Amino acid sequence: MNNPPDISQDPAEHEEYAHNVQKHVRGYLTVGALLLAFTGITVALSYVDFGTRKANIGVAMLVATLKAGMVAAIFMHLAAEKRLIYRVLIFTGFFVLALFWLTYLAWYNPVVR
Amino acid sequence: MQKFEHYGIFIKPGVLEKYEQYLGNNRRTEKGMEPRIEISGHLHNPEALKDPNIKEYEIGLDPVFVDPNNPSNDRPHFLYAPPTDHIAKIEKEDVDRIDSFGPWHSAYFASYFTITGLHGAHVLAGVLVFIYMWLPVSKRLYQRNPEHLANRVEVCGLFWHFVDLVWIFVFPLFYLL
């Protein structure tokens with residue numbers, strides 16, 4: 001049967017590995033702080049009148065997309081993924097948009113009393 | 001319980017003009033904004049909901065309806081502002097519908113409660129996953145096959161951050177706009 005693999009590391013390698021972890025943790029903390037800051041910015045922007053309701057929604061969604069991009073790229077490691085992952089993601093994104101489009105059709109057949 | 005005496009009163013389309021001082025629709029139409037059709041606040045005579053002999057609702061107005069033409073009220077406010085002591089009398093005859101602010105109130109509140117509730121359920125699921133990862137199983141798995149544990153951590157992280165990602169869009173859409 002499977003023998004447990006030898007997981008002991010030589011000290012030098014461990015040093016380097018630990019150093020990398022430190023760097024990653026710092027990256028995560030930075031992104032976390034940025035996300036908090038942008039949350040504040042979104043709330044502040046909601047008080048600003050950009051002319052129309054649509055414009056306000058557009059601005060808020062723009063900030064949200066930026067934040068979502070950070071979460072996906074850093075927290076979800078998308079920035080360092082293999083090509084296959086991107087292909088699957090595009091495939092999925094296509095179906096998500098298709099579903100959004102279906103609900104959008106309600107504009108042409110509204111429920112009225 | 002003041003929270004449960006907060007009501008929205010939908011005015012019949014034909015008589016909106018009568019309540020112009022609370023709605024401020026002349027200015028809104030001029031500016032190309034959609035008209036207000038609902039007056040909300042703290043219902044001072046909740047017995048009017050059931051008693052057909054009471055002909056009008058007395059409602060302590062939410063700040064927006066006290067000063068409807070103030071541009072600062074054109075945008076929704078994130079922070080809670082309690083109802084005022086400014087009481088408006090609204091004839092039952094002019095009322096299309098009166099509702100408290102539960103999921104039954106409108107399509108907005110229905111989506112608001114559904115989405116927030118579902119999101120809460122997913123956060124709870126994430127916390128349960130974290131608790132599981134804390135248990136001794138993880139330590140045993142690490143000793144047996146660290147690669148396997150690393151994969152688990154990775155997948156839990158993906159779930160957790162995807163839920164986070166959804167909230168990034170849900171929060172501004174439902175709470176700010």
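I call a residue buried if 20 or more other C-beta atoms lie within 10 Å of its own, exposed if 12 or fewer, and partly exposed in between, with C-beta atoms placed from the backbone. By that cut-off, 14% of the 177 residues in chain B are buried.

Conventions. I am working with a predicted model, in which local features need pLDDT of at least 70, side-chain atom pairs count only at pLDDT 80 or more, and totals for chains, interfaces and linings use all residues. Residues are numbered from 1 along each chain as its sequence is written, and chains are lettered from A and ligands numbered from 1 in the order in which they are written.

Chain B, elements. I took helices (H or I, at least four residues) and strands (E, at least two) as DSSP runs, numbered from the N terminus. Chain B has six helices and five strands, in the order β-α-α-β-β-α-β-β-α-α-α along the sequence. Its radius of gyration is 24 Å, well over the 16 Å that the globule rule gives for 177 residues, so chain B is more spread out than a compact globule. The radius is taken over C-alpha atoms, and the rule is 2.2 Å times the number of residues to the power 0.38. I read the span of the C-alpha trace along the principal axes as about 75 × 40 × 25 Å.

Chain B, domains. The bounds come from an automatic or database domain assignment, which gives domain 1 (2-100) and domain 2 (107-176). The centres of these domains, taken over C-alpha atoms, are 40 Å apart.

Chain A, elements. I found three helices and zero strands. Buried residues in H2(A) include Asn56(A), Lys67(A) and Phe75(A). Just after H2(A), His77(A) has a positive phi of about 60°.

I counted residues as in contact if their C-beta atoms, placed from the backbone, lie within 7 Å. Chain A puts in 17 residues and chain B 14. On the chain A side, H1 (11-46) and H2 (53-75) each supply at least two residues, and H2(A) gives the most, with nine. That side divides into 12 nonpolar, three polar and two charged residues. Here Ala, Val, Leu, Ile, Met, Phe, Trp, Tyr, Cys and Pro count as nonpolar, Asp, Glu, Lys and Arg as charged, and the others, Gly among them, as polar.

Key: Contact = placed C-beta atoms within 7 Å.
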